[in-house]
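Visitor: I have a chain to look at and some packing questions. Could we go through it together?

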Amino acid sequence: MNKDANTRDANAFRRGEFPTDAPIEALRTDHRFVKELFERYFATRDEDEKKETGRHVLLLLEMHASLEEGVFYPRVRDADPRLVDHCEEDHEEARQLIDRLKPMDESDPQAQQLFRQLADMVLLHVENEETSLFPKVEQAGLDLSAIGAEMQTLQTRMIADRLQKPIAPGLRQ
């Protein structure tokens, strides 16, 4: 995906567009976008770009986790309760790293190390969701459109709340 596609994805995320009939695909899109943001973060030497990309990664991860924890996981828990519990544990680990990273300066070597740890953990979590959880959910016969509609409502509310107070440069448009 090129930079223009990244911008489109980011803008759709900010506007609250959400394919209510395909919530799993929406989550996969988030996964692809966060992977690309991590790649951009680690590839750049420009401190301003690193700072903006890092903040964007943290915000996207927080909003994505809120969607999964607030709607998706509770609604798909019956497909595999143990796997959903594991995913929620991953989210807690990520949240702890995010909380440590937020106040840090990107030039701090410890921030680089924590970002690498976060990226490795998130990418493993994404692989687990996409190869284990999502197929089970797709086979469980759940009403994915209803789940998608709930996720869209939550995402719209989160974005409206975020727009009330800017979190990072470039995220409020």
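Visitor: How do the axes of H2 and helix H6 cross?

Guide: In this predicted model, the axes of H2 and helix H6 (residues 144-164) come within 8 Å and cross at roughly 50 degrees, where axes are lines fitted to C-alpha atoms, for helices over the stretch in contact, and angles run from 0 to 180 degrees between N-to-C directions. H2 is therefore oblique to H6, the term for what is left once angles under 35 degrees count as roughly parallel, over 145 as roughly antiparallel and 65 to 115 as roughly perpendicular.

Visitor: Which residues make that contact?

Guide: Pro 23, Ile 24 and Leu 27 of H2 meet Leu 144, Ile 147, Gly 148 and Met 151 of H6, with contact meaning heavy atoms within 4.5 Å. Six of the residues in the contact of H2 with H6 are nonpolar, one is polar and none is charged; Ala, Val, Leu, Ile, Met, Phe, Trp, Tyr, Cys and Pro count as nonpolar, Asp, Glu, Lys and Arg as charged, and the others, Gly among them, as polar.

Visitor: What about the ground rules for the numbers?

Guide: Residues are numbered from 1 along each chain as its sequence is written, and side-chain values use heavy atoms, with hydrogens and water left out. Local features need pLDDT of at least 70 and side-chain atom pairs count only at pLDDT 80 or more, while totals for chains, interfaces and linings use all residues.

Visitor: New topic: how many helices and strands are there in the protein?

Guide: The protein has six helices and zero strands, helices (H or I, at least four residues) and strands (E, at least two) being DSSP runs numbered from the N terminus.

Visitor: And which residues of the largest nonpolar core touch the most other members?

Guide: They are Phe 38, Leu 61, Leu 101, Leu 118 and Val 122, out of 22 residues in that core, a core being a set of buried Ala, Val, Leu, Ile, Met, Phe, Trp, Tyr and Cys residues joined through side-chain atoms within 4.5 Å, with buried meaning under 20% relative accessible area (1.4 Å probe, protein chains only). Helix H2 (23-43), helix H3 (47-76), helix H4 (81-101) and helix H5 (109-139) each supply at least two residues of this core, and H5 gives the most, with eight residues.

Visitor: What is Val 122 in contact with, beyond its sequence neighbours?

Guide: Leaving aside neighbours within four places in sequence, Val 122 is in contact with Val 34, Phe 38 and Leu 61. Another core, of 20 residues, lies apart from the largest one, and Leu 27, Leu 67, Leu 154 and Ile 159 are among its members.

Terms used: Buried < 20%, exposed > 50% of the residue type's maximum accessible area, 1.4 Å probe, protein only.
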